[in-house]
Amino acid sequence: MSSGNQSVSNVTSELQYQGVLERLLFSMLTTVSCCVFLFINGTMLFVLRSKPVFRETCRYVLLYNLLVADTVQLALSQTLYVVAACRVMLSYPVCGVLTFLARLTFVISPLTLVVMSLERYVAVCYPLKHATIITVRNTGLAIVLVWAFSSLNIIIRVVLLLQFPFEDLHSLQMKDFCSGVVMRLGSGSADYDEGFTCLVFVSVSVVIVSTYVSVTLAARSASTDKASTQKARNTLLLHLVQLGLSLSSTLYIPLLTVLYRITRIIFVRIQNVLYMFIVIFPRCLSSFIYGIRDQSIRPVLMHHLCCQLKVGLVRPGRSP
C-alpha cells in the first residue's frame, strides 16, 4: 500500500513539475515575443514623432494614436498574463485599474480604424475638399472624441461595478487571477460588456465596409486617380483585416469558457497558444502593415531599427 501511495505521490510531483516547467517556458516565450513587438512599436512611435511630415499629416497622426492604444493594450495584457503565470493574487482595486485601462485601449483601436477609413474615403471621393475637411485640428478633435467615447464606456462599467456588494466580502483580496471576466461582477456588467462590444464592432464593420464599397464605385469613374484609388482600396482592406483580428481577441474568453471542461494541462497549453495568436499578434499588426508598406515610413523605420540593433551589438564589446 505504501508503495502504491509513493508511486501516486511521484506521479503527482512529476505532473506538478511538468506544469511549472511548461508555465515557465510559455511565460518566457510570450514575454520575449511581447518585448520584441513592444520594441518595434516603440520605435515606430518614435519615428512618427521624429519628422514634421509625420506630425503634420493626418493619417500619420491617426496611426500614432492607433499604435499608442495597441502598445498600451499589449503591455497591459502581458502584465496580466505574467501576474497570472506567477500565481499572484491581486486586490480588486488594482485588478480593476489594470483591466479597465486595457478595456479603454481595446475600444480605441477599432474606433481609430473608423476615422482612418473615413479619411481615405474623403481623400478618394472628395479630393478637392480633402484638405479642408481633413486637417490636423479636425483630426485632433476626432481623436479626442474617440478617447472620450471610450472613457464614457469605462465610467459606465465602473458605475455598474460599484453596485456589487463589496462590503459583504471578508477581504478585497481576490481569490482568482485578475482578468476582465473576473471583474464582471454581477449580471449587469456582463450583459453591458457583451452588448457594448457587439455594438462597437458591428458599427465599425458597417462603416469600413461602406467606405470600401464607396471607394470601389469611385474607382469606376474616369475622373478619379486610378493608382490612388487602388491604394485606398488596399488600405481599407487592411483595415478590415485589422478589425477582424481585433474582433478575434473578443473570442478569447468565450473560447476559454468552452474549453474549460477539458484536462487542466491541455487547457493551459491551448490557452497559451490562443493568447499568442489572438491577443498578442493583432496588437503588432499595425507596425508591420505600415512599417513595411508605407514608402515614407519604411526607410526611416528600418534606419532606426538597424541603428539600435547595431548599438546593442557594439556596446557590449566596448572596453570600460
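These questions and answers cover the disulfide, the aromatic pairs and the charges over rings in a predicted model.

User: Which cysteines form a disulfide?
Analyst: A search of the whole structure finds one disulfide. A disulfide requires sulfur atoms within 2.5 Å, and here the two sulfur atoms are 2.0 Å apart. The pair is cysteine 95 and cysteine 178.

User: How many residues apart are cysteine 95 and cysteine 178?
Analyst: Cysteine 95 is in helix 4. Cysteine 178 is in the loop between helix 6 and helix 7. The pair links distant parts of the chain, and the separation is 83 residues.

User: Is cysteine 178 buried or exposed?
Analyst: Buried means under 20% relative accessible area. Cysteine 178 has 7% relative accessibility, so it counts as buried.

User: What is the geometry of the pair formed by phenylalanine 54 and tyrosine 60?
Analyst: The ring centres of phenylalanine 54 and tyrosine 60 are 5.0 Å apart, with 85 degrees between the planes. Planes over 60 degrees apart count as edge-to-face. The pair is therefore edge-to-face.

User: Why is the pair of phenylalanine 106 and phenylalanine 201 called tilted?
Analyst: Planes under 30 degrees apart count as stacked and those over 60 as edge-to-face, with the rest tilted. The centres of phenylalanine 106 and phenylalanine 201 lie 5.9 Å apart, and the pair is tilted because the planes are at 50 degrees.

User: Which residue does arginine 59 lie over?
Analyst: A charge over a ring needs CZ of Arg within 6 Å of the ring centre. Arginine 59 is at 4.8 Å from the ring centre, over the face of tyrosine 60.

Notes: Residues numbered from 1 in each chain as written. Predicted model: local features only at pLDDT ≥ 70, side-chain atom pairs only at ≥ 80, totals over all residues. Heavy atoms only, no water. Helix = DSSP H or I, 4+ residues; strand = E, 2+ residues; numbered from the N terminus. Buried < 20%, exposed > 50% of the residue type's maximum accessible area, 1.4 Å probe, protein only. Phe/Tyr/Trp six-rings, centres within 6.5 Å; stacked < 30°, edge-to-face > 60°. Lys NZ or Arg CZ within 6 Å of the ring centre and 35° of its normal.
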